[in-house]
Amino acid sequence: MIPFLLRRLVQSIPTLLLASLLIFFVIQLAPGDFLTPAKLNPNISSEQLAALERNFGLDRPAWQQYLLWMGNMFKGDFGLSFQYQQPVLDIIWPRILNSLYLAVMSLVLFYSIAIPLGVYGAVRQNSPGDNAINVVLYFLLGFPSFFLALIVIYFILQLRNATGLDIPIGGMTSNNFDELPVFGQMLDVLKHLIIPALVLAISDAAGLTRVIRGQMLEVMRSDYVRTARAKGVSERTAIWKHTFRNAILPIVAGIGGLLPALISGVGFLEVVFAYPGITPMLLTAIGTQDLYLIAGFTVITTVLLIVGNVISDILLAVVDPRVKVA
Amino acid sequence: MTTTVPERPAKPTSPRSQSQFGVAWSQFRKNRLAKIGGFMLILLYTLALFAPFIAPDGLSNYSTSNITRFHPPTPIHIRDPQTGGLTRPFVYQYGQQLNMDTFVNEYKPTETRCPIFFGVRGDEYRVLGLFPGTLHLFGTGAENPNCKVYLFGGEALGRDLFTRTIYASQISLTIGVGAVLISTVIGLLMGAMAAFFGGIADTLIMRFVEVLAAIPSLFLLILLRSVFPQDINPIFALYMILGLLAFIGWGGLARVVRGQMMSVREQDFVSAAQALGAGNGRIMWRHMLPTMTTYIIVTLSLSIPGYILLESGLSFLGIGAVEPYVSWGGLLSQAQEGGFASITQRPWVLIPGFFIVFTVMCYQLLGDGLRDAFDPRKRQ
């Protein structure tokens with residue numbers, strides 16, 4: 001398994017380098033350079049400007065600038081955000097963590113919704129329950145996640161007005177967050193996370209449920225499941241051990257490819273729920289042309305996605321022993 | 001002596017062979033849901049084409065003296081409240097009053113009635129940018145400019161939301177589809193090139209596809225959007241978003257095309273074409289790519305909903321269409337204005353979202369119908 005993982009890791013390095021090259025190239029296309037907004041800022045002195053210009057090597061040709069930028073990033077220096085007057089990494093790291101919480105939470109809910117529904121649909125194929133689930137999911141496929149979120153907010157607000165229940169729908173923490181004990185703080189964040197995560201999970205679940213149902217149906221007809229039944233294993237073992245484990249292989253292999261979409265999907269809900277994640281900050285960064293911030297976010301999420309890909313490879317190796325040999 | 005004209009032998013009625021498309025079409029016609037989806041889409045596009053005629057107001061008309069910010073929808077009455085008899089449809093004019101308890105401007109219907117006329121003269125427009133007109137399907141005429149029909153209510157600047165929604169359909173319905181078409185062409189071209197030339201071209205293109213897939217699409221779009229200035233020309237902004245959507249989406253198709261082309265390249269008909277002296281371009285376009293027609297039609301129709309959703313999302317985030325143009329997603333962003341707690345006071349701003357859902361559903365039904373129609377295993 002180790003050589004397999006190493007091989008995948010080595011393979012991902014060129015992708016990462018090329019991605020950084022693309023990001024750098026796009027930023028080069030942007031009008032002006034990193035310092036254009038800074039030059040307009042009266043708070044930045046000309047000595048500082050000169051120092052920045054030297055640091056980023058803006059007087060040198062583009063390929064040298066790229067190497068310098070890459071070199072600085074390896075040392076953990078992502079440049080300076082002009083809007084916040086702070087190193088980029090300090091600003092974006094908490095945001096990235098927040099987004100990751102939401103993404104992980106929604107991923108967990110996503111699978112815990114899609115897997116049971118998909119398996120149920122395959123086991124009780126064409127039953128009224130299966131048909132009802134299919135219709136509802138088909139309908140949900142048409143909803144953009146942010147629209148679903150707005151509708152949910154509308155109904156929660158109505159519910160709140162009617163019953164006076166305190167259902168948190170915005171932000172990540174309550175007002176009295178700092179006064180809460182550590183456990184209470186965790187619970188508070190969890191309470192804020194659950195609704196956006198659930199909305200995202202539900203609006204995405206339709207696709208995966210269909211795939212799982214189709215896979216299950218296909219595997220259920222295969223010879224080895226019939227053999228397992230013939231030798232007298234219980235229905236539960238036949239479904240979960242023999243069918244399900246084989247049916248989810250393509251899905252596990254696809255988790256890595258799912259992550260970019262997940263991070264993007266989280267972004268929309270962050271905006272709707274005013275959650276302090278990556279995307280709201282990125283959107284303001286566009287307005288202020290804070291290019292280092294945008295580049296930093298994009299590079300770090302790309303790195304994280306590649307890490308996610310490796311994790312999904314490990315998962316695949318755990319579920320499918322054949323991978324280790326190959 | 002008479003000669004008889006020999007009777008013409010009746011044409012042998014050979015069984016007409018059906019083309020692949022003929023079979024698919026007859027299969028498609030059996031699928032009722034897909035037909036409904038297709039019909040509704042035709043209806044939607046007609047609506048979008050004649051948007052200026054159907055909308056009672058101009059795209060960006062609002063009064064600076066009579067501010068109608070978030071005007072509630074005006075119900076249309078057809079019965080006279082006094083006599084109870086049928087009359088010409090009318091709406092009440094709404095007046096505003098500051099509620100001294102909540103300090104919120106409240107809209108209340110007044111006694112003034114505004115009759116609704118059909119086929120009124122109003123704002124000038126051009127259908128397709130060519131045919132000028134002033135006729136509108138319905139409206140209250142020019143007698144009392146402060147008395148208007150707000151079928152879906154008003155939006156943040158007091159413009160008629162129904163008008164905006166209908167106009168927005170022009171953008172929402174075309175950008176997603178256009179982006180899919182362009183990205184399909186790019187995907188075909190890149191995939192075919194990678195397979196045909198192999199070697200460095202193949203490595204470069206496939207690496208590029210990998211990189212595009214590795215960066216989260218939303219962030220890539222935001223990054224690419226930041227290349228363009230904020231105060232961009234509204235028309236140019238539409239082309240920009242079209243281009244960006246097309247640019248990020250071609251990777252998956254290019255991979256599949258490459259795989260298919262690689263296997264086709266080795267087949268006899270390609271060698272035959274080469275032996276006959278056909279050029280690279282001809283072999284690619286006339287001999288190799290047509291083997292993928294079915295696959296492309298099906299993926300095309302199934303990926304349109306995704307693009308419409310993505311476009312609406314971008315407009316919702318404010319990186320899509322720019323004022324005065326707007327798409328359904330952009331209209332939804334008004335639900336966010338002034339903090340989401342105020343959404344309960346103006347639920348009608350959510351209406352454009354249902355247009356997105358409806359369109360996406362129609363495309364899904366159509367796409368599923370096409371997929372089944374081309375799938376030999378699902379023939380009836």
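**Figure 1. Asn126(A) sits in the loop between helix 5 (88-123) and helix 6 (128-141) of chain A.** This is a close-up from a predicted model. Asn126(A) has 9 C-beta neighbours inside 10 Å, and because the cut-off for exposed is 12 or fewer, it counts as exposed.

**Figure 2. Ala274(A) is another residue with a positive phi, at about 50 degrees, and it isn't a glycine either.** You'll find Ala274(A) in the loop between helix 11 (249-272) and helix 12 (278-287) of chain A. Its count of C-beta neighbours inside 10 Å is 15, so Ala274(A) goes down as partly exposed.

**Figure 3. Chain A as a whole, for orientation, has 14 helices and two strands.** Its C-alpha trace spans about 80 × 60 × 40 Å along the principal axes. Of the 326 residues in chain A, 34% are buried. Take the contacts in chain A with a separation of 6 or more: 72% of them join residues 24 or more positions apart.

**Figure 4. Helix 8 (residues 251-265) of chain B has buried residues along one face.** Start with the length: 15 residues at 1.5 Å a residue should span 21 Å, and the end C-alpha atoms are 21 Å apart, which agrees. The buried residues here are Gly251(B), Leu253(B), Ala254(B), Val257(B), Arg258(B) and Met261(B). Looking down the axis of helix 8, they fall within an arc of 145 degrees, so they line one face of the helix. What do these buried residues pack against? Their partners are helix 4, helix 5, helix 10 (280-288) and helix 11 of chain B.

**Figure 5. The largest nonpolar core holds 152 residues.** Those that touch the most other members are Ala149(A), Leu150(A), Leu269(A), Leu282(A), Ile294(A), Ile222(B) and Ile241(B). Helix 4 (residues 161-197) of chain B gives the most to this core, with 15 residues. Zoom in on Leu150(A): leaving aside residues up to four places away in sequence, it touches Val272(A), plus Leu332(B), Ala335(B), Ile343(B), Leu350(B) and Gly353(B).

**Figure 6. Where the chains meet, 38 residues of chain B are in contact with 44 residues of chain A.** On the chain B side, the elements giving two or more residues are helix 5 (199-214), helix 6 (217-225), helix 11 (293-317) and helix 13 (351-374). Helix 6 of chain B has the largest share, at seven residues. By class, this side of chain B comes to 26 nonpolar, nine polar and three charged residues.

Methods. Residues are numbered from 1 along each chain as its sequence is written. Chains are lettered from A and ligands numbered from 1 in the order in which they are written. This is a predicted model: local features need pLDDT of at least 70, side-chain atom pairs count only at pLDDT 80 or more; totals for chains, interfaces and linings use all residues. A nonpolar core is a set of buried Ala, Val, Leu, Ile, Met, Phe, Trp, Tyr and Cys residues joined through C-beta atoms within 7 Å. A residue is buried if 20 or more other C-beta atoms lie within 10 Å of its own, exposed if 12 or fewer, and partly exposed in between; C-beta atoms are placed from the backbone. Helices (H or I, at least four residues) and strands (E, at least two) are DSSP runs, numbered from the N terminus. Two residues are in contact if their C-beta atoms, placed from the backbone, lie within 7 Å. Ala, Val, Leu, Ile, Met, Phe, Trp, Tyr, Cys and Pro count as nonpolar, Asp, Glu, Lys and Arg as charged, and the others, Gly among them, as polar. The expected span of a helix is 1.5 Å times one less than its number of residues. The arc is that of the directions from the helix axis to the C-beta atoms.
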